[in-house]
Amino acid sequence: KDTGKDLSLKVTAPIMAAGAAAFKMGGDYEQALGKMDQVFQGNQEEIKKWAASALNNFGLSKLSATSMVADFGAMFDTFGFKLQETTEMSKGMVERVRDLGAFFNTTSAETAEALNAIFTGQTEPLRKFGVVLTQTALQEYAYAQGIRKKVSEMTEAEKVQLRYNYVMENTKTAVGQYAREHNSASTQLENFREIVKEIGVTFGEVIIPVFSPILNGINNTLKFVAGLDQGTRKFIVTIALMAASIGPLLIGAAKIIEATKAVKEVTGGLGKA
């Protein structure tokens with residue numbers, strides 16, 4: 001009994017927790033793949049191959065890389081960019097995430113969120129990364145690139161393209177920073193997070209096919225129970241309450257038996273006396 005309790009606490013519980021986490025990460029990866037497939041129709045295999053080497057190349061797990069590239073790609077697609085343009089720009093933004101994070105000591109999530117300013121045009125998110133995304137700065141950059149059109153007269157897609165080029169240009173100092181600071185404490189901490197995700201996804205890909213049919217069966221059963229008529233539900237509740245009362249009743253019975261034994265012992269002692 002003691003060995004069973006010890007193993008349950010020290011072995012079973014951690015394994016179940018790790019399995020649940022891996023299942024969750026595997027599910028997240030499946031969702032990210034589904035979104036990526038929808039956004040990059042025709043270029044899915046290219047993106048999958050790129051994401052598979054993301055951990056070694058720029059320090060992101062394939063879950064993070066796939067999720068980010070799908071989010072960025074969906075935004076570019078919304079503005080009407082062509083597939084190949086969407087693919088290259090989305091990958092470029094994801095690859096810049098870890099370098100900027102290492103340069104300015106921010107997490108990948110914070111950096112990716114800030115880069116969304118390319119689509120929204122907000123000036124504040126990128127200030128911490130040294131990028132001044134004001135209308136005036138963009139106009140000056142456009143003129144320097146030989147673009148004579150005023151920013152205020154550009155289409156939304158043209159503005160996004162201009163912001164993308166401007167941000168990539170003004171953050172190029174950070175390129176390679178992840179590789180240069182690979183052994184720093186903050187970079188190693190971020191690496192730890194991404195490696196855990198990578199392991200989770202790797203095991204999740206094995207766990208999901210095993211447990212998905214079980215979950216599907218449970219869900220179908222629950223749907224059946226949810227559809228039962230009121231009379232049947234009342235019957236089940238009654239039986240459940242009866243079953244639930246057995247434990248407390250047995251405990252009460254045990255206490256009565258113990259009390260009876262005690263009374264007998266006292267009575268027997270008095271009789272002898």
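The model is predicted.

**View 1**

**View 1. The largest pocket and its lining.**
This pocket holds about 290 Å³ of space. Its lining has 16 residues, and the closest to the centre are Ser67, Met68, Ser108, Ala109 and Ala112. Three helices each supply at least two lining residues: H4 (62-78), H6 (108-115) and H11 (185-226). H4 provides the largest share, six residues. By type, the lining divides into five nonpolar, five polar and six charged residues. Rolling a probe the size of a water molecule over the atoms shows where empty space is left.

**View 2. Methionine 93 in the largest nonpolar core.**
This core has 49 residues. Met93 and Leu126 have the most contacts inside it. H4 gives the most to this core, with seven residues. Not counting residues up to four places away in sequence, methionine 93 touches Phe72, Phe76, Leu115, Ile118, Phe119, Tyr164 and Met168.

**View 3. Helix H9 and the helices it packs against.**
Helix H9 covers residues 156-170, 15 residues in total. From first C-alpha to last, H9 reaches 21 Å, close to the 21 Å expected at 1.5 Å a residue. The buried residues of H9 are Lys159, Val160, Leu162, Arg163, Tyr164, Tyr166, Val167 and Met168. An α-helix has 3.6 residues a turn, so residues three or four places apart point the same way. The partners of the buried H9 residues are H4, H5, H6, helix H7 (117-120) and helix H8 (135-144).

**View 4. Asparagine 105 in the loop between H5 and H6.**
Helix H5 (83-104) lies on one side of this loop and H6 on the other. Phi of asparagine 105 is near 55 degrees, a positive value in a residue other than glycine. Most residues other than glycine have a negative phi. Asparagine 105 is exposed, with a relative accessible area of 56%.

**View 5. Lysine 35 in helix H1.**
Helix H1 spans residues 2-39. Lysine 35 is partly exposed, because its relative accessible area is 37%. Leaving aside neighbours within four places in sequence, lysine 35 is in contact with Ala70, Asp71 and Ala74. Serine 90 is 55 residues from lysine 35 in sequence. In space, the two are 14 Å apart, C-alpha to C-alpha.

**View 6. Isoleucine 239 in helix H12.**
Helix H12 runs over residues 230-272. Isoleucine 239 is partly exposed, with a relative accessible area of 41%. Glutamine 177 is 62 residues away along the chain, and its C-alpha atom is separated from that of isoleucine 239 by 65 Å.

Conventions. Residues numbered from 1 in each chain as written. Predicted model: local features only at pLDDT ≥ 70, side-chain atom pairs only at ≥ 80, totals over all residues. Heavy atoms only, no water. 1 Å grid on protein atoms, 1.4 Å probe; cavity = no way out; pocket = protein on both sides within 12 Å on 5 of 7 lines; lining within 4 Å. Points joined across faces, edges and corners; volume = space filled by probe spheres on them. Helix = DSSP H or I, 4+ residues; strand = E, 2+ residues; numbered from the N terminus. Nonpolar A, V, L, I, M, F, W, Y, C, P; charged D, E, K, R; others polar. Core = buried A, V, L, I, M, F, W, Y, C linked by side-chain atoms within 4.5 Å. Buried < 20%, exposed > 50% of the residue type's maximum accessible area, 1.4 Å probe, protein only. Contact = heavy atoms within 4.5 Å. Expected span 1.5 Å × (residues − 1).
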